[in-house]
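This report is intended for a reader meeting the structure for the first time.

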Amino acid sequence: MKVILYVFSGTGNTLKAASLFKKYLNADVTVYRVSAKSGNAPSAEGFDLVGIGYPVHAFNAPEPILKFVKTLPEVAYRRAFVFKTSGEGLHINDCSSQKCIKILKGKGYDVTMERHIVLPYNMIYRHSDAMAKQMWIYAKAYIKYICGELETFKRDKVKLPVYKTFYAPLLRVTEQKFAHLHGPLFKVDTNKCINCGKCERTCPEDNIVLKDGKYKFGTKCVLCMGCSFGCPVDAIHVGIFKFWKVNGSYRMEELAKDESIVFPLVPDHAKGIYRLYKKYYREIGKKLESAGIDVKDYV
């Protein structure tokens, strides 16, 4: 089986998920990162399965991935699936793929499933090391499970009723237009900046330009937070989101191997906000158990 994964990823979480699909799928897997810098995307022609991956933005698929799927050529038939990442497993995210799936179906893609993978936040707040460890270990086990579903041609109903999705279009339009307007409010702290240029290279929308030694942020921002999250000296101001900024890698594979960090955190040791994750991990735990997958094998 030949598989192509088209992935939009700002801070790298969704790309990490894609790397796990590449690792665990018994298939020849190609990963293409959707970006203004990436050039022409490989055609889906010749692939048996197409995957679309993205991080949830305001309970929706982000603008770049929606624009990208619109550019995919029409096909007579092609099996497809969608995977998404976010920092919480709440069911309010269930409707995020509806627009994306509608576009794909209109082009002849048979979307057989959509899966939600929880990974650490890149904005709002920074997850604890214990929570990041939990998320990464479970993500590995869950993606292994999803790969089994894909290999056995699992099919799900992926359309939700209108009463569960009515808010998505409003939030999608609002978030996208706001992101463009807010983009120029991003600034670089020249007292901290080391002129490494990482933010400019990282930006998937080519929204950051270095000219005459100064960084300029334009109106193509999609609030992926790749620039501020990845800055090695935390030098980027993010406008009105300054209290939601998260900076720096979670080093998830290192955390997974650190025996001094409690695992699993959820549900047994969860406190405060992490109690909200209990339902998600109960649901995932039942699926893994039914497939004979022991999550501790993925530490």
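Predicted model: local features only at pLDDT ≥ 70, side-chain atom pairs only at ≥ 80, totals over all residues.

## Background

Most peptide bonds are trans, and most residues other than glycine have a negative phi. The sites described here depart from these patterns and are taken in turn.

## Cis peptide bonds

The bond that links Phe263 to Pro264 is cis, and its omega is near -5°. Pro264 belongs to the loop that runs between helix 8 (252–257) and helix 9 (278–290).

Val266 and Pro267 are likewise joined by a cis peptide bond, with omega about 10°. Pro267 is also placed in the loop between helix 8 and helix 9.

## Positive phi at Ala58

Although Ala58 is not a glycine, its phi is positive, at about 50°. This residue, Ala58, sits in the loop between strand 3 (49–55) and helix 2 (63–71).

The relative accessible area of Ala58 is 33%, so Ala58 is classed as partly exposed. That class lies between the limits of 20% for buried and 50% for exposed residues.

## Positive phi at Phe153

Phe153, again not a glycine, has a positive phi of about 60°. The loop between helix 4 (129–151) and helix 5 (167–182) contains Phe153.

Is Phe153 buried or exposed? Phe153 counts as exposed because its relative accessibility is 56%, and the exposed class covers values over 50%.

Note on methods. Residues numbered from 1 in each chain as written. Heavy atoms only, no water. Helix = DSSP H or I, 4+ residues; strand = E, 2+ residues; numbered from the N terminus. Buried < 20%, exposed > 50% of the residue type's maximum accessible area, 1.4 Å probe, protein only.
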